[in-house]
Amino acid sequence: MGALNPTKPKARLANSTLLFIIAGIIFLLMYGIALLTFPVSFKQFQTFFDFFNLNAALFIVTLGMCIVMIGGGIDISVGAVCGLVTMACALLLESGAGNIWGAFFLALGIGLAFGLMHGYLIAYLEIQPFIITLAGMFLAQGLLTTLHREPLNVTRPAFVALRSYRIEIPWLGTVNRLGVFIPCEIRPGVIVVVVLVVLYAIMMKWTRFGRNLYAVGGNRQSARMLGINVKKTIFFSYVLCGLTAGISGFVFLLTTGAGNIGNGSLYEMKAIAANVMGGILLNGGVGNLLGAPIGTLTLLTINELIRAAGVQSNLQAIVSGLLLYLFIVLQSIVMALRGRRQFKLALPPWLKGQRPPGEQAAGNQG
Amino acid sequence: MPRFKARFDRLSHLFFPLSVLVILLIINLLKGADYFKITMVNGVLYGNIPNILYGASELVILSIGMTLVTAAARGQDISIGESGAISSAIFVQYVLNAGEVTIWTILVGFLISCVAGLVIGAFNGTLVSFFNVQPMVATLILFLGGRSIAFIIDGKVSPILANPISNKIGTVIPGVPIQTPIILTAVFIALVAVVLKTTNLRLYVEAVGINPNAARLNGINPKKVIFLTFLLMGVCSAVAGFIAVNKVGRHDSVNLLKFIMMDAILAVALGGNSLSGGKFSITGSIIGAYTIEVLNRTLLRLEVNPEAIKAFKAVFIIILMIVASPVVRVYARKCLGKVKTFVAGNAIGKPGGLNQAVISSMDSSAKKEE
């Protein structure tokens, strides 16, 4: 970056990077506290892996939400779509009409359908994203209850085999009281999470779509002046989010093995909270995609910590709310202290390096 | 004529919510002609219309507050149901611990719950205005933790509010033919109307919502205005919680006003308001809130499968938003302009027709420029 910007050798940290670093420090801090207070359980690697094993769907939902939030929008239908996919796939597998691949493509199809609807209505008809995705949420919930009301357990042998498949890591693990070595286990859903994180991180950093999305989220007007197809970019961000929600539904089914009305409920709020903790702002244009998994990990660590401390169940929600409050205030204070020195457009560093004249004008306006 | 046109233009933003309401009412009439029938039972009016007014009372009050918050803060408060649950929990505890319940106990309890609403509003408002947090994220905190606070105040599962006065507030006062929540809502709307007419609130809120920096340069402190709207939102949610808890007769901290923020935001959007701040219309939001209640009851009346009600509601909302979307509106206006010029072109031969044609073609060209 220094080579591209010879006039200013000491480049300032971008807002995205700063927030990402804060998120990382907060996560390390929380995990450190957890290690100090409950060394027995948190020292085991399995505890760390179980965050991924049991909450793989939440990680995936958060990724999709992150993309939409960087583009300056919001999608509150993800939780309901995730729930709908679990039920639809469970029905398909139980009825015997389709195999696992069929269920996977059904999940992708449902996610894609919702994504296309949201994307078209929001990008091309310019309707407010909150209302459209709220309608999408109602639609998914309504379809879910119409499909099947009772919990539906999937008993298909092929699916059960996939579900109970575990990848063992032989060099990591714990020795139990009897002296038997238990290796750490990873469920198939975690692979999906890792693949998606890598894929999306590459996409947001090095592809044209990712860079366009940052520009559109940062300032729609200046992005249009730069010649970016704003509508297309927003459209694809929602399609991607819907698709991700579909995948998360399939992974959810892999984790729990049953379709249920309550599946994925409140995931949208959890995903927003996780993204905020990961340094991705709702205004758009700011945030590192890797902040999404970090934020989710922080959220899960806090929940696990509160549960391990044996706090009364009602106080749990209040304590996690208070911690969220602290993080939000901390973030805002850091940003305010930073903003006091000098105004700067919130764009990632690789866009700042090659600042074209059109953006300069837009920056002065803002 | 021009004066009439100006007045019509000023009210044109109400055209959309009102037409939706009318369409819903017509659907109801087609289902059964006795839709508007009002019967007198024990000196009280009953029927579909009073039921709608009764059922929507909390939603109307909350959507008024939501309109103000949306206009000034350019974001939505998603903790309104939770703050209503907390303030009404305090009200219930005060009344239950007061011993003998008189009208003054209820009044003092109501004022205390309003203060609790103010405190909650101040909490959210501080985060949004002084810490520059986006409203949805700031109110997410209370959304996640609020119900637990209400439960801890309650101390047990759903304390019962059984006394004659709150029963009267929840249903009817003997001798008055209208249910009390309807009267309370009407009083609240009248109060808001008086406040908006006599103070500069509307001007300040709109100025801040359109451009906070410009408002600051003109001597309006945007932080104070945003903080004030959150305080008003707190009072609105306290009043809504008061009405809701008196209606039900017990305080259920889990289900009281649950997910009402979705309906309130929807009401604001249906009323023709932009969810990204700026100019607002309280009348539109009120009509939007009643429309949502009518929609819910229409789906029940049409005997839609209760499992599928949400899906039907979603389809209805999507169709509405497509019709009201800026792109479709511009397209419709273009088509309308073409039709106008065509009609005017045919009318040139008639006396006075030329004048008309010139005016209408000017009209349409002006509209195209928009």
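What distance separates the centres of domain 1 of chain B and domain 2 of chain B, taken over C-alpha atoms? In this predicted model, the two centres are 42 Å apart. The domain assignment of chain B places domain 1 at residues 12-324 and domain 2 at residues 327-369.

The C-alpha atoms of chain B fill a box of roughly 85 × 55 × 40 Å along the principal axes. The secondary structure of chain B comprises 17 helices and two strands. Of the 370 residues in chain B, 42% are buried. When contacts in chain B between residues at least 6 apart in sequence are considered, 74% of them join residues at least 24 apart.

The two strands of chain B, β1 (residues 38-41) and β2 (residues 44-47), run antiparallel and are joined by four bridges. One of the paired positions is T39(B), whose bridge partner in β2(B) is Y46(B). Together β1(B) and β2(B) form a hairpin, with two residues between the strands. Within the turn, N42(B) has a positive phi of about 55°.

Chain B also touches chain A: 40 residues of chain B are in contact with 37 residues of chain A. On the chain B side, the elements that give two or more residues are α7 (135-154), α13 (260-270), α15 (309-324) and α16 (326-346). The largest share comes from α7(B), with 12 residues. By residue class, the side of chain B that touches chain A divides into 31 nonpolar, six polar and three charged residues.

V133(B) lies in the loop between α6 (103-130) and α7 of chain B. Because 26 other C-beta atoms lie within 10 Å, where 20 or more are required, V133(B) counts as buried. Leaving aside neighbours within four places in sequence, V133(B) is in contact with residues of both chains: I328(A) and S332(A) in chain A, and L127(B), V128(B) and A138(B) in chain B. V133(B) and M233(B) are separated by 100 residues in sequence, and their C-alpha atoms are 17 Å apart in space.

Definitions and conventions. Residues are numbered from 1 along each chain as its sequence is written. Chains are lettered from A and ligands numbered from 1 in the order in which they are written. This is a predicted model: local features need pLDDT of at least 70, side-chain atom pairs count only at pLDDT 80 or more; totals for chains, interfaces and linings use all residues. Domain bounds come from an automatic or database domain assignment. A residue is buried if 20 or more other C-beta atoms lie within 10 Å of its own, exposed if 12 or fewer, and partly exposed in between; C-beta atoms are placed from the backbone. Two residues are in contact if their C-beta atoms, placed from the backbone, lie within 7 Å. Ala, Val, Leu, Ile, Met, Phe, Trp, Tyr, Cys and Pro count as nonpolar, Asp, Glu, Lys and Arg as charged, and the others, Gly among them, as polar. Two strands pair if DSSP finds at least two bridges between them.
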